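I opened my notebook to jot down what I looked up today.

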Amino acid sequence: MSSSSGYLASSPSLDPSPTAGAVLEVDDLHVEFRTREGVVSAVNGISYTVDQGETLAILGESGSGKSVSAQAIMGILDSPPAVITGGGINFQGRDILAMTEEEQRQIRGPGIAMIFQDALSALNPVYSVGFQIGEMFRAHRGASRKDAKKQAIELMDRVRIPAAARRVNDYPHQFSGGMRQRVMIAMALALDPRILIADEPTTALDVTVQAQVMDLLKDLQRDTGMGLILITHDLGVVNEVADRVAVMYAGRIVETGTVDDVFTRPSMPYTVGLMNSIPQVDAKGGRLKPIVGQPPNLSRIPSGCPFHPRCPLARTGPAALPDRDCVSDLPPLRVVTVGREAACHYAEEVLDA
Amino acid sequence: MTDQQQEDLRHDLVEAGTTTGLAAPSVDVTSDRQNSLWSDAWAQLRRNPLFWIGAFLGVFFLVMALAPSVFARGADPRACALTNSKLPPSSAHWMGFDQQGCDYLANVVYGARTSLTIGVLSVIGVLVLGVIVGAIAGYYGGFTDSLLARITDIFFALPLILGALILLRVGPSTNIPILNTRGPGAVAVALAAFGWMTAMRLVRSQVIAVKSSDYVAAARAMGASNLRILTRHILPNAVAPVLVFATITVGVLIAAEATLTYLGVGLQRPAISWGLQISSGQSLLRTAPHLVLFPSIILSLTVMAFIMLGDALRDALDPRQRS
Amino acid sequence: MGRYVARRLLLTIPVLIGASFLIFAMVYALPGDPIRALAGDRPLSAAVEAQLKAQFHLNDPLLVQYGKYVGNLTHLDLGTDFHQRPVLEIITNRLPVTAKLTLVAVLLEAAIGLTAGVLAGIRRNGYFDNVVLVSTTLIISIPILVLAFVSQYVFGLKFGWFPIAGIQQGWYSYLLPGLVLASGSLAYVARLTRTSIAENMRADYVRTARAKGLPNRTVIIRHTLRNSLIPVITFIGADVGALLGGAIVTEAVFNIPGIGRAVFDAVRGQEGAVVVGIVTLMVFFFIFFNLVVDVLYAVLDPRIRYD
């Protein structure tokens, strides 16, 4: 696997505070699911870093491995069937995968926190929201039940839940979707995490509520300086809040760069396809151009470039350059121009097109 | 629908399914052949040892019921000699002799026919009652439904054994056909009369679920009659849960028959029944425990066959339970 | 909540009346000849027979008989048996015995069933899980009749650990019959717990609890068990009602003088008043505990609100 994390760490990224180093560093991570039907390669060597105060968007279709990699970082993969088969995850310079179970647990919450897509199922239906938020203080700081509740109310205020003191004893099902997601956010932020992973935080919400929740996340990030990993397949959200973006396909990162670069001049045909599928206001009456074909079956990932069966530019046989046959040679993630990496044999041509 | 449309639809479903189980890798549902419920179920069943044990036992006892003389090793269950009374098992007579000196293996083997007959008959009764009442209640709803649901509640509150016990006790002194015979038919009727409620609720809930679905609305829009909708669209959907229920219930009702017979209200001598054998062996438990033991074992194995089959079927037919 | 309970209570009345009428009809409308049964083989003078028939209202139409029965119920008169013993007295004598048996059974069911289910569910597909799976299949498959005999023979007769029959040794005599009575429910509780836990372990909120960095023990006890046990506890609650009415076989085999034994004797002797009285009581228990469970459910699961 030739993808390297060295590039990203040393890249002239749009880091708001140049003195801060990478808080989180994922290095050549591999995750497999070993099921009765066979081995599913969900994550196949991804690397990225997240700096303090930075927002990295991980973009991809369902099944591209974006959620699985996040859960690997959190240490909450269901295993079995999931197995981390290689790579490292460094948090503030220490390899999480080498830690004991207990050390890992102590990082979840104060170090790295996560919010999930569907807050209704992600919150326990039989406990009040105040109790569930307060658990963070009780488990990590030994706070008393009463104290935890007080701090829960403060947090609920902070995420702008109206009448927090009155609603603290309500149950998740008594809240609206947007308010529930705020509860999730309050819970995740309870201990001032250095990294927040937001796994499709707005997918389940109405469009207007989506904007409110994203605004809240942005504000909170500015206040706390935490790094944010935003997992999504919503290109609009990425465009609005992310600094950098990593596009995933079939368990690999296929393109990275700043949001501006990647969105305006993609250098990988899959990213091109994604961008073409955004409805354009000015292209009224035109047809959207979907990416043809289906996402790959992760237990039978195509040879060579995993995207080649769907790629309009795939070259094979005599048409291909030596060692760059899209059907047989796996393209490494490589620097294309300054600040850009792509996993495509013909990235330069895509970029210039 | 064109293939492309179908693919798009499936893709949407996959996309929509991401709300839960984020960690579950999508093993590309879309490109794989869409298996039907039944072929999926069969694939699952084949791997389940419980199914094979249940199926083997079930077939074994079925054959025993059909051709008991083969299993009785030529002995006649009614050819008895008092000199053999209570003899323990030997190599010539595997299960020994009962108090009357009858070959016990032959008696136990011939009991299979009685038990299976009653089990199957009473389940048919249960299904007929359950499907009719359940389909009517679910389909018509409103007052009909409330009334039938209340009646079902009433029966549900009565324990099966107790209800059947009373009915069988008063049965012989009535002039109601079948019920006054003290025969297998009477037992089956009594069991069905107090055992149909679960089937009714199953069918009713299935009917209600399917009734409100779009394809039934479509069928109605195209002018299909009530009866046609009920028989063509709604009932087939209830087949899977009802099949599971029926299989398990055969076992439960075979046990219930033995219990009623043991309690003295089921089959009467000279019928050959495991319940009767256990009942008359009870007083000889100290001197000839094999007289209780053998019919008990065979009875349990028969019940087990159906319960295992039903369990395996449920696991196979209910995708939610798959791990 | 209060309104819901009140409405449910009202709904139980027709069921109770319906069930008691059903029993009443079976016992009285399809009579053998209880008078003859009482007399046995002795010849009975026509005068005595007529007097007995009048006393038990056997000449009235069914509905009138039932009406009189319900009328008497209102001042707790459940009638008498053929020996002029009040049915209420029979019940008050016998009920404590069955109540004890049920209590023992439910405690065993909860203790053993829950423990086995929890251990199996947490380590799914482990060794213990398979043991639980196989043994519950066996227990569920063995008719209670057979189980009663086998345990009576093995533990009572062969090993002598328990009394074979009767209740002469106080609570200890209830242990074996209680276990037999509970066996089916016990196996069911174990399985229900197991599936419920296994299902909950995959729930999103359990993953959230892990992501929150809660200690493993808290994740399992607070976020898995608490949720998983809701259906189990409600099942056990409802089962109390079922067990109170389901002890006929157990009480018959172990010769325990409870209401199950009483109703069985009454059915055999065609003691109509006793049968109707006791069965109605059993139905009442069944409905009552189901209602209790519905209320309990709302307490345990805040999503359920009846109003």
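I began where two chains meet: 36 residues of chain B are in contact with 37 residues of chain C (contact: C-beta atoms, placed from the backbone, within 7 Å). This is a predicted model, in which local features need pLDDT of at least 70, side-chain atom pairs count only at pLDDT 80 or more, and totals for chains, interfaces and linings use all residues. Residues are numbered from 1 along each chain as its sequence is written, while chains are lettered from A and ligands numbered from 1 in the order in which they are written.

Next I asked which helix gives the most to the side of chain B that touches chain C. I found H13(B), with nine residues (helices are DSSP runs of H or I, at least four residues, and strands are runs of E, at least two, numbered from the N terminus).

Then I turned to the largest nonpolar core, which has 175 residues. Such a core is a set of buried Ala, Val, Leu, Ile, Met, Phe, Trp, Tyr and Cys residues joined through C-beta atoms within 7 Å; buried means 20 or more other C-beta atoms within 10 Å of a residue's own. B:Leu165 and C:Val267 are in contact, and B:Leu165 is among the members that touch the most others. Helix H5 of chain B (residues 104-140) gives the most to this core, with 17 residues. I also noted a second, separate core of 111 residues, including A:Val26 and A:Leu217.

Last, I checked chain C: 13 helices and zero strands, with 44% of its 307 residues buried.

Methods:
Buried ≥ 20, exposed ≤ 12 C-beta atoms within 10 Å, placed from the backbone. Lists of a residue's contacts leave out its neighbours within four places in sequence.
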